[in-house]
Amino acid sequence: VGGVHNDALMLGLTVAGVAMALSGKPAPGALLVALGVAVKPNALLALGALAWWAWGTQWRQRTKGLLVSSLSLGGVLGLTGIGVGGGFGWFTAVLSYQWVPGPWSGSRFLGTGFGRPVEAIEILGALAAILVVIDGRRLGGWIVGLGWGFALLAVTTPTPEPWYLAWALVFLACGGLHRRSERAGVLVLTVMMVGSTIPPGPFWWYAGVI
């Protein structure tokens, strides 16, 4: 886990949970995804997608999915946080990103630092990700929609890292890459990921977003 970052553990649990839900066992799948949330909170997008789609498309089914997923999340966070003698300080640490100059902070080019514009971009990115997940069927399935949702989260976070793009790559690949848009997305995201680690990193990131 230390060698390949905690994103690998989060993605492993999340993909396993989604796969279990697709095989007809959404409740155990939600439990696995909730464990992924305990590793990294952005897995909440996958838990929401699973709750919205895995139980069915009727409102009663979706209500059941949201309830089961919420209870699973509460139980997992309670057990892994308070239950083991710890707490939720890790969540506060995740939100404390002001020591890293992200691409939208302006600190690399404008010297403005963090502030409301950065927070607005992050909030808009999260809202757009949720809308993409809800509209997943039009995009070729909710798994593909989840991949694009993770892509939006990755590129609008104030302090992105190259490996954040793996969130999207994994689920776009799981969607089957049947359409040209998905194949192009994987290509662009991969170039962004690799290019961000070499000079000039910001150029590859911005070019990929465009």
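Accessible area here comes from the Shrake-Rupley method with a 1.4 Å probe. On that basis, the protein exposes about 11,100 Å². Carbon and sulfur atoms supply 70% of that area.

One caution before we go on. This is a predicted model. The average pLDDT is 84. Of the residues, 83% score at least 70.

Now the overall fold. What is the count of helices and strands? There are 10 helices and 0 strands. Read along the sequence, the pattern is α-α-α-α-α-α-α-α-α-α. The protein has 210 residues, and 40% of them count as buried. Next, contacts between residues at least 6 apart in sequence. Of these, 58% join residues at least 24 apart.

On to the inside. The largest nonpolar core has 42 residues. Which residues have the most contacts inside it? They are Leu146, Phe150, Trp167 and Leu189. Helices H1, H2, H3, H4, H6, H7, H8 and H9 each supply at least two residues of this core. H7, residues 142-156, gives the largest share, with 9 residues.

Take Phe150 from that list. Leave aside its neighbours within four places in sequence. Phe150 is then in contact with Asn42, Ala43, Leu45 and Ala46, among others. Trp167, Ala168 and Phe171 are also on its contact list.

Next, Ser69, in helix H4. Is Ser69 buried or exposed? The cut-off for buried is under 20% relative accessible area. Ser69 is at 3%, so it counts as buried. Which residues does it touch, leaving aside neighbours within four places in sequence? Ser69 is in contact with Ala30, Leu47, Leu50, Ala51 and Trp55.

Last, the surface. Ile123, Leu124, Leu127, Ile130, Leu131 and Ile134 form a nonpolar patch there. Together they have about 580 Å² of accessible area. Look at Ile130, one of the patch residues. Ile130 sits in helix H6, residues 116-134.

Definitions and conventions. Residues are numbered from 1 along each chain as its sequence is written. This is a predicted model: local features need pLDDT of at least 70, side-chain atom pairs count only at pLDDT 80 or more; totals for chains, interfaces and linings use all residues. Side-chain values use heavy atoms; hydrogens and water are left out. pLDDT is the predictor's confidence in each residue, from 0 to 100. Patches are made of residues with over 30% relative accessible area and no salt bridge: like charges are joined within 9 Å, nonpolar side chains (Val, Leu, Ile, Met, Phe, Trp, Tyr) within 5 Å. A salt bridge is a side-chain nitrogen of Lys or Arg within 4 Å of a carboxyl oxygen of Asp or Glu. Helices (H or I, at least four residues) and strands (E, at least two) are DSSP runs, numbered from the N terminus. A nonpolar core is a set of buried Ala, Val, Leu, Ile, Met, Phe, Trp, Tyr and Cys residues joined through side-chain atoms within 4.5 Å. Buried means under 20% relative accessible area, exposed over 50%, partly exposed in between (1.4 Å probe, protein chains only). Contact means heavy atoms within 4.5 Å.
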